Amino acid sequence: MKRPSKHGAANERAARRRPATAGTKRLKTTNGVSRRQSARSARARDARPATTQRQTVSLALVQFAPRKGDVRANFERIEQVFAALRHDKEGFPAVVVFPEASLSGYFVEGGVAEVALPAATVSQRLNRAASAALGASHEPFDVVLGFYEDDRGKLYNSALYATLGSTPALRHVHRKLFLPTYGVFDEERFVSRGRTIEAFDTRHGRVAILICEDACHAVSVTIAALRGAQIVYIPSASPGRGLEDVEPANVRMWRDIMRVAAAEHGIFMVYAGLVGFEGGKGFTGASRLMGPFGDLRVEAPFDGAAIVRTTISLADVNIARAALPALGDLESNLSEITAMFDKEVANRPSGAPSSRTRP
Amino acid sequence: MKAHALPVVHAPPPDDAGLRLDPVLARRWLINFLRDEMVNRRGKKVAIVGVSGGIDSAVVAYLCAEALGAANVYGIRMPYRTSSPQSFEHGGLVIEQTKIHDIVVDISDAVDGYLRYEPKASPNRQGNVMARQRMIVLFDQSAKFDGLPVGTGNKSERLLGYFTWHADDSPPINPIGDLFKTQVWQLARHLGVPSVIVEKPATADLIRGQTDEGDLGISYPRADSILNRLLLGYREEEIIASGFTPPEVRLVVGRVNSTHWKRHLPTTAMVSTTAINEFYLRPVDY
């Protein structure tokens, strides 16, 4: 497999020198010792400087329609995606981003418990899919993927960030905080809320994950940016509605939200959306990359499966933040802002009525 | 500068945003829906459409022909002996224009076979028997051609309860069920449905001389505007204040509120913690 040399960080080169089969054996092992070893090596790598300012990151944004409720079939689809990317003229990407609920489809209702998997299991099966598609000695690459998570009986709408290759590592799991439970949505009935938004170091920059509605709230992006994220990955599943204009209204809304949030925080925002219909609800893909100037770099059609390829330079984050120092201004005012939040929380009587009144 | 010299910018009056429709986008969306829900999800390539000669079934026939190919669509005309000959002709026009298969099943014998036992049945009851008989035909034809009946009910009549329960609403998929009647008109013009069909008064053609608007007591454009506001969450007094009379608002609200049951599956007595669709929740495509 060929890969542009510009994507190779020092730690990646080191990983390449390791015997390829060792990591594969470790992946197949399901006991805790191997996972701990893997986690230790991942932490060691993360302790190194994560990025250089000139680092570029090659991305693949995958929008597809999972087979409803069929986890095995969807891992096979993912394997096919990996195989297809092998032959892409841009070379194999550094990070492959999949939508929300990629292993099952989004609207599964009480079926969540049947399709949910532990994050470690998903990571292992992704690695297996990568090995099957690319060969056991493939070069490492990273994946962001949304799925329903089973954490010892507690269910979440989650997305993981994992490195696949000879030294696989599950680097982070984000659990969706903002669970839409209105109108066509009923998430909080079936899954629990996540509690934190974290930024974390990867071989390809410091990043954060927000899932769908998480990213509709500007404060989520603010927290990710304050924690140092250069890239926010957004696995999403947005049912299309509002056909009064040339594109569904939710596509326009998402683009506007991302444009403003990316420009305000000087951050890359990478959105991968489900497509296809589920019980009459059609998801709008429109997977896109929004640059840190609020500049839309690329966007897929809202319908139909597609893979979007693009390469970003992390230096753009610094340039954007210098040109529009809104994030710096926010940091300067942070104590006053948080005091206002605290006051607002303190002033709310417990059991205050929801702002949702009608319809 | 004098205050009156400042240019004043007036906001346009609010329109019925929920009723606007981009027909190009709607066509693309609904064709994707038909292909995805029928072929990809259910593995069915053949559509069975009851073609009445009215605008709703015409739009569905056009969409199905484009989505699946005319050779995979069967237009079924099902006249009763008192049905309007004009409706039959208009149905034929749709079939001719879309080049879908033309099948005629006269339901008179089947309907009369039952009504012989109910000679005093009211026109409404007779109409319901005809509507349900037509569904028997559509479902049987779908079994014959390994296809799927495609629904033709629009959002206005669904909300107003202006349909026969377990008849018009029974096909498993429906591309226009979330379009108000006035939006169906917009889409029909874009699709090229013959103007003689688009511009004629809508009728269920179950009773001679019947029209939808005559039955409902309000025009579709006004009913749709009220329905749209109602569903968005505006209260009756707010709708009246936006230019509607109290009687017409009450008429529409009354019809909606008295027909919620028609938009649901039968009510089942719950006796367990595993009651279907109460505790045991799985989506239709799971």
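1. The loop between strand 3 and strand 4 of chain A contains Arg152(A). In this predicted model, phi of Arg152(A) is near 50°, a positive value in a residue other than glycine. Most residues other than glycine have a negative phi. Arg152(A) has 5 other C-beta atoms within 10 Å and is therefore classed as exposed, the limit for that class being 12 or fewer.

2. Ala286(A) belongs to the loop that joins strand 11 (281-283) and strand 12 (288-290) of chain A. Ala286(A) counts as buried because 27 C-beta neighbours lie inside 10 Å, where 20 or more are required.

3. Chain A has an open sheet of six strands, ordered 5-4-3-2-1-14, with mixed pairing. Strand 5 (169-175) and strand 14 (306-313) of chain A each have a single partner strand, so they form the edges and one side of each has no neighbour in the sheet. From one strand to the next, the twist averages 30°.

4. Helix 6 (residues 119-134) of chain A lies across strand 3 (141-151), strand 4 (154-164) and strand 5 of chain A. The helix runs at about 40° to strand 4 of chain A. Strand 3 and strand 4 of chain A are also the strands on either side of the loop that holds Arg152(A).

Methods:
Residues are numbered from 1 along each chain as its sequence is written. Chains are lettered from A and ligands numbered from 1 in the order in which they are written. This is a predicted model: local features need pLDDT of at least 70, side-chain atom pairs count only at pLDDT 80 or more; totals for chains, interfaces and linings use all residues. Two strands pair if DSSP finds at least two bridges between them. Helices (H or I, at least four residues) and strands (E, at least two) are DSSP runs, numbered from the N terminus. Axes are lines fitted to C-alpha atoms, for helices over the stretch in contact, and angles run from 0 to 180 degrees between N-to-C directions. Two residues are in contact if their C-beta atoms, placed from the backbone, lie within 7 Å.
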